[in-house]
Amino acid sequence: MPDLHASPAAPSPHRHSPLARAGLAWFVLLVVYASLYPFSGWVDNGVSPFAYLTAPLPRYNTAFDILTNVWGYMPLGMLVVLSLHPRITGWRAVLIALLAGGLLSGAMEAAQTYLPTRVSSNVDLATNTLGALLGAIGMALIAKQWYEMTGAKTRLRGDRTSTRLNSSH
């Protein structure tokens with residue numbers, strides 16, 4: 001029988017943020033929803049789902065489209081870096097976020113091949129991946145400060161000093 005009156009064990013200093021992981025999961029679901037909406041009319045038109053990779057550049061892209069794609073995937077890169085912190089940091093976290101952004105965007109563009117109301121685009125893949133990269137770089141630069149500012153680092157180390165000081169007020 002465990003001793004219920006014993007002090008709790010200190011959390012591992014290498015624990016990921018459950019909030020960052022939950023945020024990442026919800027954000028991925030949001031990207032899937034936004035990319036594949038209206039979820040109807042799926043048609044196999046005989047085109048390879050990856051034909052967009054070698055297709056010519058689309059003529060209809062606007063600066064708004066490009067900026068929207070970059071900004072739309074920046075949170076993905078940020079959340080991947082936060083989800084990996086503190087176990088994986090720096091350029092390794094950025095590389096993982098870059099790969100995650102590229103794979104998610106590539107999968108969404110490939111799936112859009114089967115939706116007649118959507119257009120798969122190599123420019124979308126590039127700008128989405130760029131957005132994930134920029135978000136990851138930005139968060140990698142401030143992740144340590146973010147955790148220190150929010151107190152996550154203190155809680156993860158099991159330092160009860162700040163908790164005791166705050167509970168006395």
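A word on the model first: it is predicted, so local features need pLDDT of at least 70 and side-chain atom pairs count only at pLDDT 80 or more, while totals for chains, interfaces and linings use all residues. Residues are numbered from 1 along each chain as its sequence is written, and side-chain values use heavy atoms, with hydrogens and water left out.

Let's start on the outside. Leu141 sits in helix α4, residues 122-150; helices here are DSSP runs of H or I with at least four residues, numbered from the N terminus. Leu141 has a relative accessible area of 63%, so it is exposed (over 50%; buried is under 20%, partly exposed in between, with a 1.4 Å probe and protein chains only).

Now for the inside. Ser105 belongs to helix α3, residues 90-112. Is Ser105 buried or exposed? Its relative accessibility is 0%, so Ser105 is buried. Beyond neighbours within four places in sequence, Ser105 is in contact with Tyr73, Asp124, Leu125, Asn128 and Thr129, where contact means heavy atoms within 4.5 Å.

Last, the rings. The whole structure holds two aromatic pairs (ring centres of Phe, Tyr or Trp, its six-membered ring, within 6.5 Å; planes under 30 degrees apart are stacked, over 60 edge-to-face, the rest tilted). Tyr33 and Tyr37 make a tilted pair, 5.5 Å centre to centre with 50° between the planes. Tyr33 also makes a tilted pair with Phe39, at 5.6 Å and 40°. Together, Tyr33, Tyr37 and Phe39 form one aromatic cluster. Phe39 is partly exposed, at 39% relative accessibility.

Conventions. Helix = DSSP H or I, 4+ residues; strand = E, 2+ residues; numbered from the N terminus.
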